[in-house]
Amino acid sequence: MITTPPVVTVDGPSGAGKGTLCRALAQRLGWHLLDSGALYRLLAWEALRRSLDLTQLAPLVSLATQLEVRFVMTVLGLQIIFEGQDVSQQLATEAVGSTASKIACLSPIRKALHQRQRAFCQPPGLIADGRDMGTVIFPEARAKIYLYASLEERASRRLRQLQSRSVNVKFEPLLGEMSERDQRDTQRLVAALAAAEGALLLDSTDLPIEQVIQLALNYVECRVISKGLAYTAPD
């Protein structure tokens with residue numbers, strides 16, 4: 001009998017499709033969802049709102065330890081609930097994303113959010129979306145996925161996403177920003193973006209999202225469900 005909730009980690013760069021994949025996995029399995037990137041974006045958004053100096057770590061660390069956030073899946077998508085309000089749209093701007101990428105390089109910030117992220121692991125299971133979920137936050141996870149795509153394809157997806165929100169943005173500057181973010185994420189000294197050992201590597205560049213979801217579901221079935229590793233509540 002397995003009494004520790006199983007965790008499936010999905011790591012990868014921005015624009016690879018992690019959010020869509022993780023929401024689909026959580027919905028189809030009936031598990032909880034952790035969008036770790038949203039925690040960093042929320043911290044960045046609050047820091048910008050409060051005009052905090054990003055070079056002063058103490059206020060940022062204090063703020064990080066106080067974030068109370070819930071992820072709620074609805075028919076319209078994922079809602080990020082902070083202080084009783086859905087702040088999903090506020091966290092979706094390039095300014096917030098860029099700031100989040102910068103503060104994510106700071107070791108004290110990552111340490112402050114470490115246990116907060118692990119607390120999302122609750123029955124019957126957790127889908128954890130991020131950049132260091134399988135390598136740092138949940139190294140014991142029973143199934144690990146690394147989802148990636150070419151930089152050009154990821155930038156094109158982001159461009160279409162922003163244009164659908166009537167955001168005026170051009171491809172080349174967006175491509176440059178995403179390239180810089182990739183560099184920060186993969187070269188930072190703490191919890192650098194990398195595929196966890198033994199992770200399933202999925203290249204979504206030329207795959208329709210439904211095929212990506214099915215490949216991931218097959219993998220989870222093989223690694224967790226069929227081996228009898230699904231969570232069973234203790235008596």
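Let's start with aspartate 182, which touches Pro13, Leu151 and Arg154, leaving aside residues up to four places away in sequence; contact here means heavy atoms within 4.5 Å. Aspartate 182 sits in helix H8, residues 171–187. Helices are DSSP runs of H or I with at least four residues, strands are runs of E with at least two, and both are numbered from the N terminus. With a relative accessible area of 16%, aspartate 182 is buried. Buried means under 20% relative accessible area, exposed over 50%, and partly exposed in between, with a 1.4 Å probe and protein chains only.

A quick word on what you're looking at: this is a predicted model, where local features need pLDDT of at least 70 and side-chain atom pairs count only at pLDDT 80 or more, while totals for chains, interfaces and linings use all residues. Residues are numbered from 1 along each chain as its sequence is written, and side-chain values use heavy atoms, with hydrogens and water left out.

Now, over to serine 101, in helix H4, residues 94–103. Is serine 101 buried or exposed? It counts as buried, because its relative accessibility is 5%. Beyond residues up to four places away in sequence, serine 101 touches Arg181, Arg184 and Asp185.

On to the sheet. Five strands form an open sheet in the order S2-S6-S1-S7-S8, with parallel pairing. The edges are S2 (32–35) and S8 (200–203), each pairing on one side only. Two strands pair if DSSP finds at least two bridges between them. On average, neighbouring strands of this sheet are turned by 20° against each other, direction ignored. Helix H1, residues 18–29, packs on the sheet and touches S1, S2, S6 and S7 (143–148), and its direction makes about 175° with that of S6. For those angles, axes are lines fitted to C-alpha atoms, for helices over the stretch in contact, and angles run from 0 to 180 degrees between N-to-C directions. Helix H2, residues 36–49, lies across S2 and S6 and runs at about 45° to S2.

Zooming in, S1 (residues 7–11) and S6 (residues 126–130) pair in the parallel sense over five bridges. Which residue in S6 is the bridge partner of valine 8? That would be isoleucine 127.

Of its 235 residues, 46% count as buried. Among contacts with a separation of 6 or more, 75% come from residues 24 or more positions apart. The C-alpha trace spans about 50 × 40 × 35 Å along its principal axes.
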